[in-house]
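The following exercises are intended for a reader who meets this structure for the first time. Each task is followed by a solution in steps.

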Amino acid sequence: MATGNDARAREDEGLIRLSDDQQAIISAVREFVEEEVFPVAEELEHRDEYPDAIVEHLKEMGLFGLTIPEEFGGAGMDLMTYALVVTELSRGWMSLSGIMNTHFMAAYLLRRHGSEEQQERFLPRMATGEIRAALSMSEPGAGSDVQAITCRADRDGDEYVVNGAKMWVTNGLRSGVVVLLCKTDVDAEPPYRGMSLLLVEKEPGAGTFQGITIPPNIQKMGYKGVESTELVFEDHRVPARNLLGGEEGKGFAQVMDGIEVGRVNVAARAVGLATRAFEEAIRYAQIRHTFGVPIAQHQGIQFMLAEMATKLEASRLMMMQAAKKKSAGARSDLEAGMAKLFCTEACHQIVTDALRVHGGYGYSAEYPIERLYRDAPFLLIGEGTSEIQRLVIARQLLERYKVQG
Ligand SMILES: Cc1cc2nc3c(=O)[nH]c(=O)nc-3n(C[C@H](O)[C@H](O)[C@H](O)COP(=O)(O)OP(=O)(O)OC[C@H]3O[C@@H](n4cnc5c(N)ncnc54)[C@H](O)[C@@H]3O)c2cc1C
């Protein structure tokens, strides 16, 4: 019997014509998630435990090198494949896609903006997952307002000396390389002209390392298992050859390019999370009885299921459209922003409805819904809040629809 997932795979094929290789990867990830992640996600999440065994398996499957070109040991797949893989992983446990996301964004930035020497030095080890990457922009005093960062890197001979504090670094502890947004010219006006990206190498898992201190993990409401940390730099020295692309002042534009990819990722996560919430709700609605019938027979519940499925379908299409555009190398801040905004807000509503369908059991830690319910709000915030997406979208619209004269 065809499951909802089989049907979805066929629809995707019609929309985007996946190659045999792409389809094989996505099917393998789906199978892995259903067999290896579904049974343990709740337990690991409640213990806030890093999924070491799962990450080892993801490495063996080559997922850390999914989009890294074959010449560097990766699989050379496009952003669409990656987005669909992220959707499958998030259907099992959103934190897995968090472990992948900053690594993938760092690989993207190296590929697009790194020098040949930097690509050769980092990408092969990133492709195997031997080193995993973090991406650090946010600070205690600056999130949405990226230009307000204060972390600085002062040139001293062949090195930069880094000072400052970073906040909310996903994979901050276990990463072997952190792509760090900092100021190499603190007097530049406007500030973005003085910002650069440095490839900071460190010992994975070490709480202190040559002028870098990583305080204990930030405790969170959801998105558990994957660590979020602060990073405190005190006279940490980075070789000048680790300046991404070799030219100062390019960091803001580089990171904004990378963040479009991150927004597609977050949209894909939202689709995965919402898919799971919908599947849980429609199953539960057919086995839970009230007033002598399954609750799925009540029109009030049917309306909720219909709304959820419609929002999910629209989300999936928007996410794939944004992935397609960015994959083709086109500027896609409008599409990525719209997909991020719509998919994450829809996901939040779908998960809330799924909780309602479950009644009191939705509130119980015995069912996956309470985990999905705690994970969903992060998507409204990470890679730029919904308010920031609206600003990005409006700015682009006003540019595209500018009244001449
Ligand atoms: C679990 C988690 C993981 C994260 N991982 C990373 C990571 O790996 N790397 C990284 O660099 N960052 C990471 N972040 C940081 C994240 O990107 C920021 O939290 C986000 O960009 C919002 O910034 P802020 O928290 O400083 O909120 P603020 O910028 O202080 O915003 C507060 C509120 O004001 C609103 N607001 C701000 N400006 C405007 C405006 N102009 N108009 C209207 N409303 C506005 C916001 O939408 C929000 O509602 C992570 C965050 C979390 C929670």
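**Exercise 1. Helix 10 and its neighbours**

Is the crossing of helix 10 and helix 12 left-handed or right-handed?

Solution. The model is a predicted one, in which local features need pLDDT of at least 70, side-chain atom pairs count only at pLDDT 80 or more, and totals for chains, interfaces and linings use all residues. Residues are numbered from 1 along each chain as its sequence is written.

Step 1. Helices (H or I, at least four residues) and strands (E, at least two) are DSSP runs, numbered from the N terminus. Helix 10 covers residues 333-357, and helix 12 covers 386-400.

Step 2. A crossing is left-handed if the near helix is turned anticlockwise from the far one by less than a right angle, and right-handed if clockwise. Helix 10 and helix 12 make a left-handed crossing.

Step 3. The two helices pack at an angle of about 145°, and their axes are 9 Å apart. Here axes are lines fitted to C-alpha atoms, for helices over the stretch in contact, and angles run from 0 to 180 degrees between N-to-C directions.

Step 4. Residues are in contact if their C-beta atoms, placed from the backbone, lie within 7 Å. Helix 10 contributes residues including Asp333, Leu334 and Gly337, which meet a group in helix 12 that includes Ser386, Gln389 and Arg390. This contact divides into five nonpolar, five polar and four charged residues. In this classification Ala, Val, Leu, Ile, Met, Phe, Trp, Tyr, Cys and Pro count as nonpolar, Asp, Glu, Lys and Arg as charged, and the others, Gly among them, as polar.

Step 5. Helix 9 (residues 299-327) also packs with helix 10, at an angle of about 155° and with axes 9 Å apart. The pair is therefore roughly antiparallel; angles under 35 degrees count as roughly parallel, over 145 as roughly antiparallel, 65 to 115 as roughly perpendicular and the rest as oblique. The crossing of helix 9 and helix 10 is left-handed. Its contact holds 16 nonpolar, three polar and seven charged residues.

**Exercise 2. Helix 8 and helix 11**

Determine how helix 8 and helix 11 are arranged and which classes of residue join them.

Solution. Step 1. Helix 8 (residues 251-287) packs with helix 11 (residues 369-379) at about 155°, their axes being 10 Å apart. Helix 8 is therefore roughly antiparallel to helix 11.

Step 1. Among the residues in contact are Val266, Arg269 and Ala270 of helix 8, together with Ile369, Leu372 and Asp375 of helix 11. By class there are eight nonpolar, no polar and four charged residues.

**Exercise 3. Domains and the ligand**

State how the chain is divided, and explain where the ligand shell lies.

Solution. Step 1. The chain has domain 1 (4-128), domain 2 (133-249) and domain 3 (253-400), with bounds from an automatic or database domain assignment.

Step 1. The centres of domain 1 and domain 3, taken over C-alpha atoms, are 19 Å apart. In their contact, 24 residues of domain 1 meet 25 residues of domain 3. Helix 5 (79-92) gives nine residues, the largest share of the domain 1 side.

Step 2. Because domain 2 and domain 3 both give residues to the shell around the ligand, it lies between them. Of the 22 residues around the ligand, Gly143, Ser144, Thr170, Thr385 and Glu387 come nearest. The shell has nine nonpolar, ten polar and three charged residues.

**Exercise 4. Backbone exceptions**

Solution. Step 1. Most residues other than glycine have a negative phi, and most peptide bonds are trans.

Step 1. The bond from Glu189 to Pro190 is cis, with omega near -10°. Pro190 lies in the loop between strand 4 (177-183) and strand 5 (195-201).

Step 2. Asp48 has a positive phi, near 55°. Asp48 is placed in the loop between helix 3 and helix 4 (52-60).

Note on methods
Near = placed C-beta within 6 Å. Contact = placed C-beta atoms within 7 Å.
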